[in-house]
Amino acid sequence: MEADPSGADTLRQRLEQAGGLDAVSLEVEQATTLDTAVERLARGSVDVVLLDLFLPDSEGLTTFERASAFAPDVPFIILTDVVDDELAVSTVQGGAQDYLVRSEVRPAVLGRAILYAIERHRLMSALRSLSLIDDLTGLYNRRGFTELGEQYLKLAWRSGRAITLVYLDVDRFKSINDTLGHLVGDKALKRVAEILRATFRRSDIIARLGGDEFAVLALETTGEPAEWLAQRLREGVSMHNVSTNEPFRLEASVGVARSFGDPKVDLDDLLAQADAAMYREKRTKKRAVYL
């Protein structure tokens, strides 16, 4: 990802000259702006990113923070013309695998850096997943949501963008467990996880906080209203009930909270606001039933 349109061709030539890449098939794609890079990363199927921090629409550390937020499971190597030790340390501390200066990097060194970055990242991801992933659903657990969510909030503050937290609680989940058994209850939770994945972007942080409670943290890239995200989720739940042959019916209460890059608002604040909104919706449903 770099501004120079000829950069991809130069990179291909250098990789062809690199040793140690004979067994690896590399396909090089180029994005000349951060916006186009983010769009490409959101589609997935990227093994490694070579990132120039100075693009037409973004400069410095913010470039890395925004790009990596949309692909937390992809290794990043900074490849730039800028010699800046402080910036290099900051990007590596932020999660970049390496910081390379073009004029100082030989093809063989670049090739090894790519291979090592991919392998190191795979190992780190495997180790992190042991403590950050919910065993049942494959979503992030509460710890994973908290760790990644704090990073997302910092990114929102620095980039001046809005961030939305959607909180979901499965209605009458205890009834599914009690009448159909825990195996069916587990299946219902897995189905909720599938609906969440289908509803939200790959770059959004989707988590099972515990029991039948789920949360999603979405960094906004468009002018879509926050409530639209919640409505799309409700529609996903409704579609499940129409199309499934499962013995259970899914119902959910949803709450939404939003922050516009305010550094005074932390993740606990957003969770509390979305949780309160979710319970207001749940109480409204109960009143409707009893009337």
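**Note on the predicted model**

1. The chain contains 10 helices and 7 strands. Here helices (H or I, at least four residues) and strands (E, at least two) are DSSP runs, numbered from the N terminus. This is a predicted model, in which local features need pLDDT of at least 70 and side-chain atom pairs count only at pLDDT 80 or more, while totals for chains, interfaces and linings use all residues. Residues are numbered from 1 along each chain as its sequence is written, and side-chain values use heavy atoms, with hydrogens and water left out.

2. Of the 291 residues in the chain, 47% are buried. Buried means under 20% relative accessible area, exposed means over 50%, and partly exposed is in between (1.4 Å probe, protein chains only). Among contacts (heavy atoms within 4.5 Å) with a separation of 6 or more, 68% join residues 24 or more positions apart.

3. Which residues have the most contacts inside the largest nonpolar core? They are Phe76, Phe145, Leu165 and Leu217, in a core of 42 residues. A nonpolar core is a set of buried Ala, Val, Leu, Ile, Met, Phe, Trp, Tyr and Cys residues joined through side-chain atoms within 4.5 Å. Helix H6 (residues 142-159) gives this core its largest share, 6 residues. A second, separate core has 25 residues, including Leu168, Val170, Ala188 and Phe200. In soluble globular proteins, nonpolar side chains tend to be buried together.

4. If its neighbours within four places in sequence are left aside, its contacts include Phe145, Gly149 and Tyr152. Also in contact with Leu217 are Ile163, Thr164, Leu165, Asp204, Ile205, Leu267 and Leu270.

5. In helix H2 (residues 34-42), the buried residues include Leu34, Ala37, Val38 and Leu41, and Arg40 is buried as well. Seen down the axis of H2, the buried residues fall within an arc of 165 degrees, so they line one face of the helix. The arc is that of the directions from the helix axis to the C-beta atoms. Strand E1 (49-51), helix H3 (61-69) and strand E2 (76-80) are what these buried residues pack against.

6. Arg40 deserves a separate look. Why does Arg40 count as buried? Its relative accessibility is 16%, and the cut-off for buried is under 20%. Apart from neighbours within four places in sequence, Arg40 is in contact with Glu29, Ser45 and Val46.

7. Gly44, which follows H2, has a phi near 80 degrees. Ser45 has a phi near 60 degrees, a positive value in a residue other than glycine. Most residues other than glycine have a negative phi. Ser45 lies in the loop between H2 and E1 and counts as exposed at 71% relative accessibility.

8. An open sheet is formed by 3 strands in the order E1-E2-E3, with parallel pairing. E1 and strand E3 (98-101) stand at the edges with a single partner strand each, so one side of each has no neighbour in the sheet. From one strand to the next, the twist averages 25 degrees. Two strands pair if DSSP finds at least two bridges between them; E1 and E2 pair over 3 bridges. Leu50 stands opposite Ile77 in E2.

9. Helix H3 lies across E1 and E2 and runs at about 150 degrees to E2. For such values, axes are lines fitted to C-alpha atoms, for helices over the stretch in contact, and angles run from 0 to 180 degrees between N-to-C directions.

10. Helix H4 (residues 85-93) has Leu87, Ala88 and Thr91 as its buried residues. They cover an arc of only 100 degrees around the axis, which puts them on the same side of H4. Asp85, Glu86 and Gln93 are exposed on the other side. The cover over the buried residues of H4 includes H3, E2 and E3.

11. The ends of H4 can also be described. Asp84 caps the N-terminal end, with a side-chain oxygen 3.1 Å from the backbone nitrogen of Glu86. Just after H4, Gly95 takes a positive phi of about 120 degrees.

12. Arg172 is not a glycine, yet it has a positive phi of about 55 degrees. Is Arg172 buried or exposed? Arg172 is exposed, with a relative accessible area of 54%. Its place is the loop between strand E4 (163-170) and helix H7 (173-180).

Technical notes:
A polar contact is a pair of N or O atoms within 3.5 Å; within protein, one must be able to donate a hydrogen and the other to accept it, and residues adjacent in sequence count only if both atoms are side-chain atoms.
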